[in-house]
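Please find below some notes on the model under review. They are set out as numbered points.

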Amino acid sequence: MNHSLEIKELKKSFQDFKAVDGVDFYVEEGKFFSILGPSGCGKTTLLRMIAGFLEPTSGSIKIRGDEMIGISPNKRPVNLVFQNLALFPMMDVGENIAFGLKRQNCSKSEIEEKVKNILEKVHLGGYERKNVSDLSGGQKQRVAIARSLVLEPSILLLDEPLGALDLKLREQMKIELKKLQHEFGTTFIYITHDQSEALVMSDKVAVMNNGKFEQIDTPENLYANPKTSFVASFVGETNIFEARLNEDRKSVLTKEGMNFKVFLVDEKIQTFCKLFIRPEAVVLLVDDGMEDMNYFDLTIKTILFDGSNTKVLANVDKSDHEIMVSLPQNRRFAHIKEGEVVRAGVHVSDCKCYE
Amino acid sequence: MNKHTKFGFYIFFIPVFLWLFLLIVLPHIELLFMSLKYENDMGEMVWSLQNYKEFFSEEIYWLTFLRVALYAILVTFLTFVVTFPIAFYITKVVSPKYKGFLIILLLMPFWVSELVRVYGWMILLRESGVINYFLVSLHILDKPIEMLYNDVSMIMGLVYTSMLFMVVPLISSLDGMDDSYIEAAHDLGASKFIIFFKIVIPYTAPGIVSGSIVVFMLTLGNYLTPNLMGGKNSLWFTEQIYNQFIASFNWNQGAAFGFLLLLLSSLIIWIGLKLTKQNLAKALS
Amino acid sequence: MIRSLPKSKGYDISFIIYMVLFYTFLFAPLVVTCVLAFNDSEFPTLPWNGFSLDWFFSNTNDRVGIFNDSSNLTSIWISIKTAFFVSIFSLTLGTMGAFLFEQENFKFKQGFYFLALTPLVIPGVILGISLLLSTNTAGTYMENTFGIDVEFFRPSFWLVVIGQFAFISTFVLLVVSARLKKFDKSLEEAALNLGATRFEVIRLITLPYLKPALIGAGAVAFLMSFENFNTTLFLIGSDTTLPINLYLQVRDGSTPIINAISFLLIVSTSLMAIINLIFTKKEQ
């Protein structure tokens, strides 16, 4: 079976700078695939190569089995939703959406029909004659997506289209985009630097750094089993300890002088390593004595109240090292006060060590 | 507003007011009044529309007027056609490395006096000029021909003189246009032709209009280029005004001509602004 | 089509050819003018008779170089004087106008602003004749009523200065306004808050901020005045400015001395352009 998109050994250099440095992946038909990475990691370059606005230095890009290298952007069965949306300001909503259809020489009635249908699908029925500048941020978003989807591309590329929206709208649009993708069944390739966008919407996420993919996985796996220290620190919140590996290769001694039994993600670690512990992996008020648990005292410094996402900042044992711990959502820990000392523990499998 | 700032306000306001009133408004009112005065048979100055009647009854006057208006429109259009590819190339096609250099190079000649530029064309084009010299030495021509003093050379000269005022607003409006509009249109399947007429031109319309207004106005009011490069039949309307003032010493008739020219240029500018729904302050800044 | 889109060879080549043709068209008259200033010939044309500085320095019966031509030298000096006064006056008034329209609020502000922009769309010839007519009327009135002969009401050096000042002020106003728009008003407010008077604020805070724009506007004003022809044509008295003087010579047949003057103009305006450019670069 042909994959919707298949990329092999893709490279792009600008003079000496390797923007994309050998990327391999495939995307299955009808999936929501995200490329997540910090700014400057090469994700926009990668997207623009898929769209055809940049010529790769080497490698192959196949869409439904057909090689795309050397084919101009307008001949590729992909459409791009631009970061600034690029809605034509001199045309109304209907004309914007009809733009691509007119280029395919569709009949007038067919165009009208399609524009009407797609606008209804993106919940903007009857907006044909509205001026683009009169739309809200979220509506512009949907018009831009409709303008591309009306051409029924094999793949829809999205270049951080939520970046310009305010936080609340962004939360809504995340859900909306996911729904839209479900309804249309089109393959979406979405690039972003916002991990929550990627995790919420995607079937699969590729984490990109310095022009390379660090890990391609489902959002759950990415969060639960990061393969590299970059992924562990970039995806989700985490506490980091500098440490050195003990001889038994099953525990480490942190810089603060604490011993942790750990799980070695990276078998190649020699002596120095980094220990990662997620805030929600730390369990408060536990009983001592379980075999595969690490125990320590936490001195509560600050409570960061944020509704269901409330956390505390606390010092570990007697050291100055501060870690972040999530409070469970039940009100069991509502009584905790700043300055209190609490016994806490964390399971070995949640203490991950990376190079 | 306290007394202090009130005082400050008048320090600025009075000179500006005097400037606008004494040097702009009053002289143009005087122009209108003078154009409405006519020396009757008794040698007295009386209010009359005779100067304007004169304009419409003498074919040479209104024909010149009409021809100049049409030529000015033609020059504006040609200037746009000639400079648009340059503006597009500099802003969108050429590597950004050369952009600054090309722009400086583009603006340089326009710092030099119009007279010098026209003179340059004269020594290139005239019968004993440089181009003729080359054409004859290369045996393309048997004997030199006069390439100056005709409508074509005059229009070329006017286009040359006006290019700057078109290319600068074009460059700045193309610069303000995000490349993603063109990419999006291309991605949606538009041809070059469609991108140009449906996306680029509408987007840069404000720049085109402000460039066109300035070029049109300068061409209409030009004196040097038509006078030095045009032929005997290429009389420009400003030359007729000059003749009335300096040669015939008929200031009232000249004032009427001047007022008509002012009216024409204001009218066309107004139409241009209305058509594109802009206002003067925005178009000129 | 643009940098990021695939381009055909033909598209690229035709653009490059067009660019080369265009820039040739742009520079041909200037280059030819400059080159022929150094030709050892009685006429500004080819053939090339060898290099000569006669049209700059010679002082014989046949050839009078520009540095020995008192008529042209005088007109250059008059143009410099005119441009000097015009730039000082229009810089002062244009800056006042910028403050007025950017920082003050008053009745009919929009109307006044519109009026202040009109000199941009009034043909220079019209401005020239309007001023000629009105000053003539005023002059006649003064003479008949009070028996005073006011010099600048007649075509003269000062009338030219006034005429050029009338429209060049608008350009200064636009350049200075553009910079003033970007000015952070809180700096002024802070200075006022610390006890400075309105004029101290302008002198110590705002004007230093505007300096690059003022220098740029001053240069533009100087150049516009130095090169002005249309308005000057009607207002000129016995003090002929350089463009008018050159025009008379070009119209009545020319010698390479005009090339020599043009060469000097081209070199000095290019220098001025470069200096102006450096200042605007600094501003950014």
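1. At what angle do helix α8 (residues 179-187) of chain B and helix α9 (residues 192-220) of chain B pack, and how far apart are their axes? The angle is about 160° and the axes lie 10 Å apart; axes are lines fitted to C-alpha atoms, for helices over the stretch in contact, and angles run from 0 to 180 degrees between N-to-C directions. α8(B) and α9(B) are therefore roughly antiparallel to each other, a term for angles over 145 degrees. Helices (H or I, at least four residues) and strands (E, at least two) are DSSP runs, numbered from the N terminus.

2. This is a predicted model, in which local features need pLDDT of at least 70 and side-chain atom pairs count only at pLDDT 80 or more, while totals for chains, interfaces and linings use all residues. Residues are numbered from 1 along each chain as its sequence is written, and chains are lettered from A and ligands numbered from 1 in the order in which they are written.

3. α8(B) and α9(B) cross in the right-handed sense (the near helix is turned clockwise from the far one by less than a right angle). Tyr181(B), Ile182(B), Ala185(B) and His186(B) of α8(B) make the contact with Ile195(B), Ile199(B) and Tyr203(B) of α9(B); contact requires C-beta atoms, placed from the backbone, within 7 Å. This contact has six nonpolar, one polar and no charged residues (Ala, Val, Leu, Ile, Met, Phe, Trp, Tyr, Cys and Pro count as nonpolar, Asp, Glu, Lys and Arg as charged, and the others, Gly among them, as polar).

4. In chain C, the axes of helix α6 (residues 157-181) and helix α8 (residues 198-227) come within 9 Å and cross at roughly 155°. α6(C) and α8(C) are therefore roughly antiparallel to each other, and their crossing is right-handed.

5. Between chains C and B, 74 residues of chain C are in contact with 71 residues of chain B. Helix α1 (residues 9-36) of chain C gives the most to the side of chain C that touches chain B, with 13 residues. That side divides into 55 nonpolar, 14 polar and five charged residues.

6. Chain A contains an open sheet of six strands with mixed pairing, in the order β13-β12-β11-β15-β21-β14. β13 (259-261) and β14 (263-264) of chain A each have a single partner strand, so one side of each is left without a neighbour in the sheet. Strand β11 (residues 239-245) of chain A pairs with strand β12 (residues 251-254) of chain A in the antiparallel sense over three bridges; pairing requires at least two bridges found by DSSP.

Note on methods:
Contact = placed C-beta atoms within 7 Å. Parallel < 35°, antiparallel > 145°, perpendicular 65-115°, else oblique.
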